[in-house]
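Here are a few worked exercises on how chains meet in a complex. Have a go at each task before reading its solution.

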Amino acid sequence: MTVTTTAAEVEFGLLYAEVQQFYSRQMQLFDSFEAEPWAQTFTEDAVFDVPTLPAPVVGRAALASNVRRNAEVHAGSGELLRHWLGMLDARQQSDGTVHTRSYALVYLTPRGGEPRVHRVCVMEDVLVPAPGGWQVAHRLVTRDDLP
Amino acid sequence: MTVTTTAAEVEFGLLYAEVQQFYSRQMQLFDSFEAEPWAQTFTEDAVFDVPTLPAPVVGRAALASNVRRNAEVHAGSGELLRHWLGMLDARQQSDGTVHTRSYALVYLTPRGGEPRVHRVCVMEDVLVPAPGGWQVAHRLVTRDDLP
Amino acid sequence: MTVTTTAAEVEFGLLYAEVQQFYSRQMQLFDSFEAEPWAQTFTEDAVFDVPTLPAPVVGRAALASNVRRNAEVHAGSGELLRHWLGMLDARQQSDGTVHTRSYALVYLTPRGGEPRVHRVCVMEDVLVPAPGGWQVAHRLVTRDDLP
């Protein structure tokens, strides 16, 4: 078979793999309450707009602080959360950023109990290039159960 | 480490990323009831064989019409559906088509209510090359709950 | 846009796609109770350490035997299981192996009944290169519901 792969196709293929790997690590860090490493996956002045919080969180320090609070809440509950992304649509922009829109699920498992789907969400990110990979500059999450 | 990547490996890597991106956009269009853009992800005479419908749907016009009907039904229900694919097995054929077999989940979330897994399915597609990407020529979906 | 893709980036992109494809086939074989082809996705002396079994299973013969036992149990139950991986973090090691950490879900669907999330797990694998792809040399699975 003749290979007629263009440079742009190669670039997209690599970008898509890199972004998947980026999100996998980011979600695993979040679920493990690794506050600082997780905050490093955002830009210094990132905006994190999620319906669970009363107002958007801005900046790495506030992001990390928020994860530490989650860790305390969940330590007492005996519940584990797992954040999954899927149906990732990644679109490279002419300014070098990547806009993504994906679905996000949260699974909740009580110790000794039955797991369940806790949240179904849509996540829209602006990713910017960073040394060794990507960082989130802006995140907007909406929940399917909220009007 | 010496890189000994072959052209065939490069081609597979790009194909796999492209097909994932294709499905992500297609499912997002479907869940947003974007009837015409969604129908354009199929060939003009595509066959769409799913257990929810009494007979296979054939052709883009019928596919788009079906999505518009879904939109009306769901507008009244206050429920959101999200279609996810996973465990994508993509195999390039010697005729240039790609045969895929993947798992498909449907999550359902009532407004103000708890989300749940609504359907667990297996999806088998024949994809054909199209300008700028891929199109589905044939889709067969089976549901795990049906005998 | 100037393409400045390095060989290492190309290699990572292909690796990530290959590993996703590998897991998709492996999980589909498992859910279809294809004991021998599934066992071939492990090394001859692979260690399979999962909380469902009283002790780690070692070697292909024992792995295949275990799948045949699952097939018998489920034939009578009328339930279908689907194993999904997600949030795949794949890290190539200097010795040529790939260490992966991913989330694993098991969906269970009774015939004629409602599907549900049965298990939420974390899966850690050591993959080794094999002719035509990869094999699992070591797998450790932990369940979120178990202490």
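**Exercise 1.** How many residue pairs are in polar contact between chain A and chain C?

*Solution.* Before counting, note that this is a predicted model, where local features need pLDDT of at least 70, side-chain atom pairs count only at pLDDT 80 or more, and totals for chains, interfaces and linings use all residues. Residues are numbered from 1 along each chain as its sequence is written, chains are lettered from A and ligands numbered from 1 in the order in which they are written, and side-chain values use heavy atoms, with hydrogens and water left out.

Step 1: take the rule. A polar contact is a pair of N or O atoms within 3.5 Å; within protein, one must be able to donate a hydrogen and the other to accept it, and residues adjacent in sequence count only if both atoms are side-chain atoms.

Step 2: apply it. Chain A and chain C come out with 11 residue pairs in polar contact, both residues at pLDDT 80 or more.

Step 3: see which elements of chain A take part in the side that touches chain C. Helix H1 (7–31), strand E3 (79–92) and strand E4 (98–110) of chain A each supply at least two residues (helices are DSSP runs of H or I, at least four residues, and strands runs of E, at least two, numbered from the N terminus). H1(A) gives the most, with 13 residues.

**Exercise 2.** How much area do chain A and chain C bury between them?

*Solution.* Step 1: buried area is the accessible area (1.4 Å probe) that two parts lose on being put together, summed over both.

Step 1: for chain A and chain C that's about 2700 Å², with 58% of it on carbon and sulfur atoms. On chain A's part, A:Gln28, A:Arg82 and A:Trp84 supply 25% of the area buried against chain C, more than any other three residues.

Step 2: for contact (heavy atoms within 4.5 Å), chain A puts in 29 residues and chain C 33 residues.
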